[in-house]
Number of protein chains: 2
Amino acid sequence: MPDVLYAAAEPTRRRLLQLLASGPRTVSDLASHFPVTRSAISQHLGVLAEAGLVVNRKEGRRRIYSVDPSGMASLRSETDRFWSSELDQLVADAAALASTIRSNDS
Amino acid sequence: MPDVLYAAAEPTRRRLLQLLASGPRTVSDLASHFPVTRSAISQHLGVLAEAGLVVNRKEGRRRIYSVDPSGMASLRSETDRFWSSELDQLVADAAALASTIRSNDS
DNA sequence: ACAATACGTTAGCCATCGCTAACGCATTTG
DNA sequence: CAAATGCGTTAGCGATGGCTAACGTATTGT
């Protein structure tokens, strides 16, 4: 049970999840959006599946991947747990300060 | 300019950011919360600094690290950009389905 | 049956990562 | 002044990561 956040952090896998957000896709379809081999995409999908973020069903000779909502929910909760109230506060203060600076532009 | 999300994903660095959320801390103070060497922590802090997530000021012979609010804000925006409306919808549906199942418990 | 398609799997390469051990540099303390 | 403290830096090691090339396996089309 690998760390979902760690699995989702890799740039290629992030894009894969975003592509799958619009609906189920085949491996070749997904691979066509990347400069790397289909094999590489297949391995990335394997990592995502192992982390519980995607599932796949076989349909004829194609394998169709889709997002696993429950896995994504646990990813969501883990990121929410990271953004503690203190961190949120810091970010909010930074945003307020930035807008103050902007309003001082000459 | 390394990928902020990738830099923040590493477990030790995540905890470092959470520790720093409660306020500025010295390197030794931070290192005391981990099973690894102070050198390792120092290098992790270097990665976080390079990603713009933390800053440090020298105070006597101690170096005090704190969260860089603007860097954390960009991390925040990048995670928000990841959670597209489609992904949010999937997670929300999963939560609704889960509660439906729970209410069917015997 | 045979070729083509849509995959997964594996070996192997090279880069990166996290880490420790050892050292060096400034700063404070005695 | 010398010793101690608080750090950064570096070399080097083992492990992991992402990738390609090559091959194996179902499944479909002709």
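**Charges, fold and a strand residue**

Mentor: Gladly, and let us start with charge. Chain A carries 13 positive and 12 negative side chains, with the centres of the two sets 14 Å apart. Keep in mind throughout that this is a predicted model.

Trainee: Which secondary structure elements does chain A have, and in what pattern do they follow along the sequence?

Mentor: Count the elements, then read them in sequence. Chain A has six helices and three strands, and their pattern is α-α-β-α-α-β-β-α-α. The radius of gyration of this chain is 18 Å, well over the 13 Å that the globule rule gives for 106 residues, so chain A is more spread out than a compact globule.

Trainee: What does the C-alpha trace of chain A span along its principal axes?

Mentor: The spans are about 60 × 35 × 20 Å.

Trainee: How do I read burial and surface for chain A?

Mentor: Take the buried share, then the make-up of the surface. In chain A, 41% of the 106 residues count as buried. Its accessible surface is about 6100 Å², and carbon and sulfur atoms hold 50% of that.

Trainee: And contacts along the sequence?

Mentor: Look at how far apart the partners sit in the chain. Among contacts in chain A with a separation of 6 or more, 49% are between residues 24 or more positions apart.

Trainee: Let us turn to chain B. What is the order of the strands in its open sheet?

Mentor: The general idea is that strands of a sheet pair through backbone hydrogen bonds, either parallel or antiparallel. In chain B, three strands form an open sheet in the order β1-β3-β2, and the pairing is antiparallel. The edge strands of chain B are β1 (25–26) and β2 (54–59), each pairing on one side only.

Trainee: How many bridges join β1(B) to β3 of chain B?

Mentor: Two bridges join these antiparallel strands, with β3 covering residues 62–67 of chain B. A residue to look at here is B:Thr26, which belongs to strand β1 of chain B and stands opposite B:Ile64 in β3(B).

Trainee: Is B:Thr26 buried or exposed?

Mentor: Compare its relative accessibility with the cut-off: buried means under 20%. B:Thr26 has 19% relative accessibility, so B:Thr26 counts as buried.

Trainee: Which residues does B:Thr26 touch, leaving out those up to four places away in sequence?

Mentor: They are B:Arg62, B:Arg63 and B:Ile64. For a distance to check on screen, take B:Thr26 and B:Val36: they are 10 residues apart along the chain, and their C-alpha atoms are separated by 16 Å.

Technical notes. Residues are numbered from 1 along each chain as its sequence is written. Chains are lettered from A and ligands numbered from 1 in the order in which they are written. This is a predicted model: local features need pLDDT of at least 70, side-chain atom pairs count only at pLDDT 80 or more; totals for chains, interfaces and linings use all residues. Side-chain values use heavy atoms; hydrogens and water are left out. Helices (H or I, at least four residues) and strands (E, at least two) are DSSP runs, numbered from the N terminus. The radius of gyration is taken over C-alpha atoms; the globule rule is 2.2 Å times the number of residues to the power 0.38. Buried means under 20% relative accessible area, exposed over 50%, partly exposed in between (1.4 Å probe, protein chains only). Contact means heavy atoms within 4.5 Å. Accessible areas come from the Shrake-Rupley method with a 1.4 Å probe; for residues, only the protein chains shown count as cover. Lys and Arg count as positive and Asp and Glu as negative; His and the chain ends are not counted. The place of a charge is taken as NZ of Lys, CZ of Arg, CG of Asp or CD of Glu. Two strands pair if DSSP finds at least two bridges between them.
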